[in-house]
Amino acid sequence: MIQEQEPLAETMPNVITAMSSLLQRVSETNDDLSRPLWEHQRISAFSALTKPSISIRSYMERIFKYANCSDSCYIVAYIYLDRFIQKQPFVPIDSFNIHRLIITSVLISAKFMDDM
């Protein structure tokens, strides 16, 4: 008996879909808003020189596929991102740093939530 594999989109938790959509909107909004404010922003270790070619949704799908994190890790990762924004107001989430911030927050939340 051969079982057909479900496409990744059907098995991906709703929290990842919602989070990727929200982060996409935030990064695009900050891309548009931050252009006149470049002199006030700090370049961080998370900032890339160019925008990654992979979309935020595809990136999060890859993390979900290969990292084997629990659903709660993604919720905690989002909380970490929210706290980062509050503590670092001059480093807005944009298309140049969102991918690095996502993988960092998911890694830290997985260590905290799943490795105990």
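Reader: Which residues of α4 meet which residues of α5?

Author: In α4 they are Ser-72, Cys-73, Tyr-74, Val-76, Ala-77, Tyr-80, Leu-81 and Phe-84, and in α5 they are Leu-101, Ser-105, Val-106, Ile-108, Ser-109, Ala-110, Phe-112 and Met-113. A contact here means heavy atoms within 4.5 Å. This is a predicted model, in which local features need pLDDT of at least 70 and side-chain atom pairs count only at pLDDT 80 or more, while totals for chains, interfaces and linings use all residues. Residues are numbered from 1 along each chain as its sequence is written, and side-chain values use heavy atoms, leaving out hydrogens and water.

Reader: What is the pLDDT of the protein?

Author: The mean is 81, and 79% of the residues reach 70 or more. Over residues 1–6 the pLDDT is below 50, and this stretch has one contact in the model beyond near neighbours in sequence. The scale of pLDDT, the predictor's confidence in each residue, runs from 0 to 100. Where pLDDT is low, the predicted coordinates should not be read in detail.

Reader: How many helices and strands are there in the protein?

Author: There are five helices and zero strands, and along the sequence the pattern reads α-α-α-α-α. Both kinds of element are DSSP runs numbered from the N terminus, with helices (H or I) needing at least four residues and strands (E) at least two.

Reader: What makes α4 oblique to α5?

Author: The axes of these two helices come within 8 Å and cross at roughly 125°. That angle makes α4 oblique to α5, because under 35 degrees counts as roughly parallel, over 145 as roughly antiparallel, 65 to 115 as roughly perpendicular and the rest as oblique. The axes are lines fitted to C-alpha atoms, for helices over the stretch in contact, and the angles run from 0 to 180 degrees between N-to-C directions.

Reader: Is the crossing of α4 and α5 left-handed or right-handed?

Author: α4 passes α5 in a right-handed crossing. A crossing is right-handed if the near helix is turned clockwise from the far one by less than a right angle, and left-handed if anticlockwise.

Reader: Why are α3 and α5 called roughly parallel?

Author: The axes of α3 (residues 56–67) and α5 (residues 98–113) cross at roughly 25° and come within 11 Å. The angle therefore makes α3 and α5 roughly parallel to each other. α3 passes α5 in a right-handed crossing. On the α3 side the meeting residues are Ile-56, Tyr-59, Met-60 and Ile-63, and on the α5 side Ile-98, His-99, Ile-102, Ile-103 and Val-106.

Reader: Why is Cys-69 called buried?

Author: Cys-69 has a relative accessible area of 11%, and buried means under 20%, exposed over 50% and partly exposed in between (1.4 Å probe, protein chains only). Cys-73 is also buried, at 0%. Buried residues make up 34% of the 116 residues.

Reader: What makes Asn-68 count as exposed?

Author: Its relative accessibility is 66%, so Asn-68 counts as exposed. Asn-68 lies in the loop between α3 and α4 (71–87). The phi of Asn-68 is near 55°, a positive value in a residue other than glycine. Most residues other than glycine have a negative phi.

Reader: Where is Ile-93, and what does it touch?

Author: Ile-93 is in the loop between α4 and α5. Not counting residues up to four places away in sequence, Ile-93 touches Val-26, Ser-27, Asn-30, Leu-81, Ile-85, Ile-98 and Leu-101. With a relative accessible area of 2%, Ile-93 is buried.

Reader: Why is Gln-24 called partly exposed?

Author: The relative accessible area of Gln-24 is 25%, so the residue is partly exposed. Gln-24 lies in helix α2 (residues 14–34). From Gln-24 to Ile-93 the distance is 9.8 Å, C-alpha to C-alpha, and the two are 69 residues apart in sequence.

Reader: What makes Thr-104 count as partly exposed?

Author: Thr-104 has 28% relative accessibility, so it counts as partly exposed. This residue is found in helix α5. The C-alpha atoms of Thr-104 and Ala-77, 27 residues apart along the chain, are separated by 8.4 Å.
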